[in-house]
Amino acid sequence: MVKTWSADNPKAALMARKRAAIVDAALHAFLSAGYAEASVNAIAASAGVSIKTLYRHFESKDELFAAVMQAACAASGGDGSTDDTALETPAWYDVPPAEALPEAGREYLHSVLSEEQLALYRVVARDAHRFPELGRRYHEETTGTRDAKFARYVDLWATRVGWTVHDKQAAAQVFAGLLKARIFDAALLGLRTPSSAEIALKAGDAARSMLVLLDAEAF
């Protein structure tokens, strides 16, 4: 495990740069070769660090892939963290559902439809049958984080707006399904890339449907 330094220590900045270089090199390796074929030694060489340094930052290839997914989520609009504080950061947490859900939907779609997220999904889909842990980590770092963010919003607003929601996780999964319907598969298969206007329209439609379900106590 890598030694930690205070923020004002020059070594802290150096270690952060090395970690970022490793994650960036790993991203390119995983996307080009897949999880199974990506070489940790080659990743270290590409990042300009020793294999010993790489393993100081990441104890395993699986942990390195998790860091890549977290970084991709952060870059595409997600926070890439299951930390409770991170889950409370979206600005739409503070606004009523009629305004919040369309914004949450746009944020979700811009994240899952980003080129890096789609590419990582393809990597996981290709190799998860050989590495079951890969699928679990993908769910934790991406799908699970996004669902938890929406479930937390429902929890915060249920009493205020009079919702009775017994299964907030199920509600989050249904909202995700409404958002991705007829748009995610086409992007995943490379058939078409939706525009920002299409994403906004889709988010609005999904939000209206979700509000009907929440008002009807469907969960």
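1. A residue counts as buried when its relative accessible area is under 20%, and D62, at 13% relative accessibility, is therefore buried in this predicted model. D62 belongs to helix α4, which spans residues 61-75, and, leaving aside residues up to four places away in sequence, D62 is in contact with Y35, E133 and R137.

2. With one of these contacts, R137, the side chain of D62 forms a salt bridge, at 2.8 Å from N to O. Because D62 lies in helix α4 and R137 in helix α8, the pair ties together parts that are 75 residues apart in sequence. R137 is buried, as is D62, and a network of salt bridges links D62, R136, R137 and E140.

3. The whole structure holds ten salt bridges, among them that of D127 with R126, at 3.8 Å from N to O; here D127 is buried, with a relative accessible area of 4%, whereas R126 is partly exposed at 45%. In the salt bridge of E198 with R192, the closest N and O atoms are 2.7 Å apart, and both E198, at 30%, and R192, at 44%, are partly exposed.

4. Helix α6 (residues 97-112) packs with helix α8 (residues 132-161) at an angle of about 180°, their axes being 12 Å apart, so the two helices are roughly antiparallel. Residues making the contact include P97, L101 and Y108 of α6 and F150, Y153 and W157 of α8; by class, the contact has nine nonpolar, one polar and three charged residues.

5. As to confidence, the protein chain has a mean pLDDT of 86, with 89% of its residues at 70 or more. Residues 79-87, however, have pLDDT below 50, although this stretch has 20 contacts in the model beyond near neighbours in sequence.

Technical notes:
Residues numbered from 1 in each chain as written. Predicted model: local features only at pLDDT ≥ 70, side-chain atom pairs only at ≥ 80, totals over all residues. Heavy atoms only, no water. Helix = DSSP H or I, 4+ residues; strand = E, 2+ residues; numbered from the N terminus. Buried < 20%, exposed > 50% of the residue type's maximum accessible area, 1.4 Å probe, protein only. Contact = heavy atoms within 4.5 Å. Axes fitted to C-alpha atoms, helices over the stretch in contact; angles between N-to-C directions. Parallel < 35°, antiparallel > 145°, perpendicular 65-115°, else oblique. Nonpolar A, V, L, I, M, F, W, Y, C, P; charged D, E, K, R; others polar. pLDDT = per-residue confidence, 0-100. Salt bridge = Lys/Arg side-chain N within 4 Å of Asp/Glu carboxyl O.
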